[in-house]
Amino acid sequence: NVPLVQASINMFGNKTPMDDPLWQLTALAAGTGGSILSVGSIAGVTLMTMEGVGYLWYCRRISLWAALGFAGGIGTYQLERLVFA
């Protein structure tokens, strides 16, 4: 998900300091959010290619778990910021 990170840098790079929490959240979202759809990550594309997994199969069986993991990661990140900041 390099394009997402590059778009974020283009939008916020000049205005946002490098140690801002926005960049941590962007990295978390780019790293985990792509797994919600099989075509959003190289791991999902590889799974579809090597194992013959179909897009709809992935959406029905994996996407919900990936979305829950994504939401859990964002929630944990926010909780850590509240506790340790």
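Val2 is found in helix 1, which spans residues 2–12. With a relative accessibility of 65%, Val2 counts as exposed (over 50% relative accessible area is exposed, under 20% is buried and anything in between is partly exposed, using a 1.4 Å probe and protein chains only). The model is a predicted one, where local features need pLDDT of at least 70, side-chain atom pairs count only at pLDDT 80 or more, and totals for chains, interfaces and linings use all residues. Residues are numbered from 1 along each chain as its sequence is written, and side-chain values use heavy atoms, with hydrogens and water left out.

**The chain as a whole**

- The protein chain has five helices and zero strands (helices are DSSP runs of H or I with at least four residues, strands are runs of E with at least two, and both are numbered from the N terminus).
- Read along the sequence, the pattern is α-α-α-α-α.
- The protein chain is more spread out than a compact globule, because its radius of gyration is 15 Å, well over the 12 Å that the globule rule gives for 85 residues (the radius is taken over C-alpha atoms, and the rule is 2.2 Å times the number of residues to the power 0.38).
- Along the principal axes, the C-alpha atoms of the protein chain fill a box of roughly 45 × 30 × 15 Å.
- Of the 85 residues in the protein chain, 16% are buried.
- Among contacts in the protein chain with a separation of 6 or more, 43% come from residues 24 or more positions apart (a contact means heavy atoms within 4.5 Å).

**Helix 1 against helix 2**

- Two packed helices are described by the angle between their axes and the distance between the axes.
- For helix 1 and helix 2, the axes come within 10 Å and cross at roughly 160° (axes are lines fitted to C-alpha atoms, for helices over the stretch in contact, and angles run from 0 to 180 degrees between N-to-C directions).
- On the helix 1 side, Leu4, Val5, Ser8, Ile9 and Phe12 meet Leu22, Trp23, Thr26 and Ala30 of helix 2.
- The residues of this contact divide into seven nonpolar, two polar and no charged (Ala, Val, Leu, Ile, Met, Phe, Trp, Tyr, Cys and Pro count as nonpolar, Asp, Glu, Lys and Arg as charged, and the others, Gly among them, as polar).
- Thr26 belongs to helix 2, residues 21–33, and counts as buried because its relative accessibility is 11%.
- Leaving aside neighbours within four places in sequence, Thr26 is in contact with Val5 and Ser8.
- Val2 and Ala27 are 25 residues apart along the chain, and their C-alpha atoms are separated by 9.7 Å.

**Helix 2 against helix 5**

- The axes of helix 2 and helix 5 (residues 63–84) come within 10 Å and cross at roughly 160°, which makes helix 2 roughly antiparallel to helix 5.
- Helix 2 and helix 5 also cross in a right-handed way.
- Helix 2 makes this contact through Pro21, Gln24, Leu25, Leu28, Ala29, Thr32 and Gly33, and helix 5 through Phe70, Gly73, Ile74, Tyr77, Gln78 and Arg81.
- Seven nonpolar, five polar and one charged residue make up the contact of helix 2 with helix 5.
- Thr32, in helix 2, is partly exposed at a relative accessible area of 31%.
- Thr32 and Ala66 are 34 residues apart in sequence and 7.9 Å apart in space, C-alpha to C-alpha.

- Gly31 is found in helix 2 and counts as exposed, with 56% relative accessibility.
- The C-alpha atoms of Gly31 and Ser41 are separated by 8.7 Å, with the two residues 10 apart along the chain.
- Ser41 lies in the loop between helix 2 and helix 3 and is buried, with a relative accessible area of 17%.
- Not counting residues up to four places away in sequence, Ser41 touches Gly34 and Ser35.
- Helix 3 (residues 42–51) is hardly covered, with one buried residue among its 10.
- Gly52 follows helix 3 and has a positive phi, near 70°.

Notes
Parallel < 35°, antiparallel > 145°, perpendicular 65-115°, else oblique. Left-handed = near helix turned anticlockwise from the far one by under 90°.
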